Amino acid sequence: MSTLASSPHYPQQPDSKFTSGPAVPSRVHVELGKNTPSVYSFFEQATSTWTYVVVDPASKEAAVIDPVLDYDHPSGKISTETADGILAFIQEKRLVVRYILETHAHADHLTGAQYYKRSLGGNVPVCIGSRIKQVQQTFARVYDVDSTLFNDTFDVYFKDDEHFTLGGMPCKVMHLPGHTPDHLGYVFGRAVFTGDSIFMPDVGSARADFPGGNVKDLYNSMQRLLSLPSDHLLFVGHDYPPDRDVEDVVTIEDQRRRNKHVKAGTDEATFTAFRSARDAQLGAPKLLHPSLQVNIRAGKLPLADKEGRVFFKVPVRATLALSG
Ligand SMILES: [Fe+2]
């Protein structure tokens, strides 16, 4: 296991060494159809997060979606075992990573985007939706930091619904607000990377009560996903299986038939009443504060103090006037 300070660089060079050998994907999906990439899905157990490596087989150009850093909250230790395994996989397959794609500012894990960028030679752009600026403003206030520090933190700010290409494959960005205001999906042919805009049918939907979240927006985003052609495949950002193995992908048709929160026929009022009541009972995610303080910085850590120490802030909520 390596730390950020001592991690190896440039995995696309053949002599690079990683502390982890190549990770074995939890799931592999190939030959999905025209303009649809091969998908290598890596499940990170500690935060139940799917990281995807999507590959244009003709050019071997690739994108990494929602990479993760390992973080042990009690000790404050950040490490890169998970990332190193995927980077070694990328190296082993001789992939050329063109994009690091974030679906949104995650509140439950630390993004590995900056570590991947540095390890891949420093020129692979870290991309997110342009509305991340709204999220950055919000949390700059929460953590009492100067929001101008976040200017140009990311390399690419996608406009709602813009297009780009990966190798020879077109990708459409889908703005999917609700869980967070900046949330994007990425559509490569039949493969749709939904982030936390929808979950597997027996899990349903993500919470919509973070700052800037909105239950009606989430309902509309889910409807937008469900209105895609029925042969499209939804690759989810997390999985929390109640009584089965983890899964990464489900068809639109299956979601329409079985999604426990928004199956066909579920109206907006029913969904928003359920979601709001459920969210009111949920506690804060365990890694909320470390995650946001790293993720609004595109995976960089807060500035170090004079001694090189890095701290995360935790806003304290108390009705008692005991500070002093
Ligand atoms: Fe999320």
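**Exercise 1. Determine how the lining of the largest pocket divides by residue class, and which elements supply it.**

*Solution.* By class, 16 nonpolar, 9 polar and 10 charged residues form the lining of the largest pocket. Here Ala, Val, Leu, Ile, Met, Phe, Trp, Tyr, Cys and Pro count as nonpolar, Asp, Glu, Lys and Arg as charged, and the others, Gly among them, as polar. The model is a predicted one, in which local features need pLDDT of at least 70 and side-chain atom pairs count only at pLDDT 80 or more, while totals for chains, interfaces and linings use all residues. Residues are numbered from 1 along each chain as its sequence is written, and side-chain values use heavy atoms, with hydrogens and water left out.

Next, consider the space itself. The volume of the largest pocket is about 790 Å³. Thr47, Asp108, Arg207, Tyr240 and Pro285 are the closest to its centre among the 35 residues that line the pocket. A pocket is an open set of points on a 1 Å grid over the protein atoms alone, with protein on both sides within 12 Å along at least five of seven lines; a cavity is a set where a 1.4 Å probe fits but cannot get out, and lining residues have an atom within 4 Å of a point.

Finally, turn to the elements. Strand S5 (68–72) and helix H6 (268–281) each supply at least two residues of this lining. S5 gives the most, with 5 residues. Helices (H or I, at least four residues) and strands (E, at least two) are DSSP runs, numbered from the N terminus.

**Exercise 2. Find which residues line the largest cavity.**

*Solution.* Begin with the count: the structure holds 3 cavities of 30 Å³ or more. The largest cavity contains about 70 Å³ of space. Its lining consists of Ala105, Ala107, Val135, Phe139, Thr180, Pro181, Phe210, Pro211 and Leu292. In this lining, 8 residues are nonpolar, 1 is polar and none is charged.

**Exercise 3. Compare the radius of gyration of the protein chain with that of a compact globule.**

*Solution.* For 324 residues, a compact globule would have a radius of gyration near 20 Å, and the 19 Å of the protein chain agrees. The radius is taken over C-alpha atoms, and the globule rule is 2.2 Å times the number of residues to the power 0.38. The chain has 7 helices and 16 strands. Buried residues account for 53% of the 324 residues.

How values were computed. Grid points are joined across faces, edges and corners, and a volume is the space filled by probe spheres set on the points. Buried means under 20% relative accessible area, exposed over 50%, partly exposed in between (1.4 Å probe, protein chains only).
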